[in-house]
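Please examine the structure below before reading on.

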Amino acid sequence: MESLSLQDAIAANLADIRSRLARAAERAGRRPTDVRLVAVSKTFSITEVLAAYAAGQRAFGENRVQEALEKISLSSDTSIEWHLVGHLQSNKARKAATSFACIHSIDSVELLRRVDEAAEEDGHQPELLIQVDLAGEPTKHGTAVDALHAIFEAASACRAARVTGLMVLPPFMDDPEDARAYFRRLREIRDELASRGVPRSMLRELSMGMSHDFEIAVEEGATLVRVGTAIFGGRG
Ligand SMILES: *Cc1c(COP(=O)(O)O)cnc(C)c1O
């Protein structure tokens, strides 16, 4: 028997994920088109990225600025929308502000201001998501819930970048059902912020859910799911 080519395997994985996404959205009474799939290509090469692109995938996520810049330069003739899903160090804020359509990991007023200043100087308008730390693990990034109000106040002063929502990265759970409480909590925080007057335009997106739990995240309201291994295979 012939084994699937890389291209066919990635296309088949994408088709499977898209249909599972649509079914999860329908279970929750949501429109499948309200959920966007970000293909997390970290550690994979431009070959895999272009295979997914050929299968119709447009949004790709990376977790390191340097690694992303290489792939961005190798894909300049595509219409790929690049997302930064991993932690952003403030010394990389400038590069990130001008290279990504969306940064999922803003977690302080200072980082927000740095990214906005760089974006303004270079004429970019990246979308920014505020990463919320709901687990309180010392190794995880993200802002404490208490600090969200100050971040959204600073967001209304942004001149170029636009804050458009929230992101969460729960601790790894063997049983994906155990992540549901985190996803639900992020949605509740979004609703609380809205009821306290944060503009809806700043609360449009909920970035949550990965390969093993994206269906649960969609049931709980995710608008962006970040899926890597289920598309590209194991990271070895
Ligand atoms: C790697 C990564 C993902 C994708 O994880 P998979 O388990 O491969 O789907 C999603 N979000 C972030 C922040 C990541 O670093």
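**The ligand and its neighbours**

Val40, Lys42, Val85, Met210, Ser211, Arg226, Val227, Gly228, Thr229 and Arg235 surround the ligand; a residue is near a molecule if one of its heavy atoms lies within 4 Å of it. This shell divides into 4 nonpolar, 3 polar and 3 charged residues. In this classification, Ala, Val, Leu, Ile, Met, Phe, Trp, Tyr, Cys and Pro are nonpolar, Asp, Glu, Lys and Arg are charged, and the others, Gly among them, are polar.

The model is predicted: local features need pLDDT of at least 70 and side-chain atom pairs count only at pLDDT 80 or more, while totals for chains, interfaces and linings use all residues. Residues are numbered from 1 along each chain as its sequence is written, and side-chain values use heavy atoms, with hydrogens and water left out.

Which side chains have a polar atom placed 2.7 Å or 2.8 Å from an oxygen atom of the ligand? Lys42 has one at 2.7 Å, and Arg235 has one at 2.8 Å. In the side chain of Ser211, an N or O atom is 2.5 Å from a ligand oxygen atom. A polar contact is a pair of N or O atoms within 3.5 Å. On its own the ligand has 380 Å² of accessible area, of which the protein covers 91%; such areas come from the Shrake-Rupley method with a 1.4 Å probe.

**Pockets and a cavity**

The ligand takes up the space of the largest pocket. A molecule sits in a pocket or cavity if more than half of its atoms lie within 2 Å of its grid points. On a 1 Å grid over the protein atoms alone, a cavity is a set of points where a 1.4 Å probe fits but cannot get out, and a pocket is an open set with protein on both sides within 12 Å along at least five of seven lines; lining residues have an atom within 4 Å of a point. A volume is the space filled by probe spheres set on the points, which are joined across faces, edges and corners.

| Space | Volume | Lining by class |
|---|---|---|
| Largest pocket | about 410 Å³ | 7 nonpolar, 9 polar, 5 charged |
| Second largest pocket | about 200 Å³ | 6 nonpolar, 2 polar, 4 charged |
| Largest cavity | about 60 Å³ | 8 nonpolar, 2 polar, 3 charged |

The lining of the second largest pocket includes Arg18, Leu21, Pro32 and Glu81. Helix α1 gives the most to this lining, with 3 residues.

The whole structure has 1 cavity of 30 Å³ or more. Of the 13 residues that line the largest cavity, Val132, Asp133, Leu134, Lys140 and Leu169 lie nearest its centre.

Definitions and conventions
Polar contact = N/O pair within 3.5 Å; in protein donor to acceptor, adjacent residues only side chain to side chain. Helix = DSSP H or I, 4+ residues; strand = E, 2+ residues; numbered from the N terminus.
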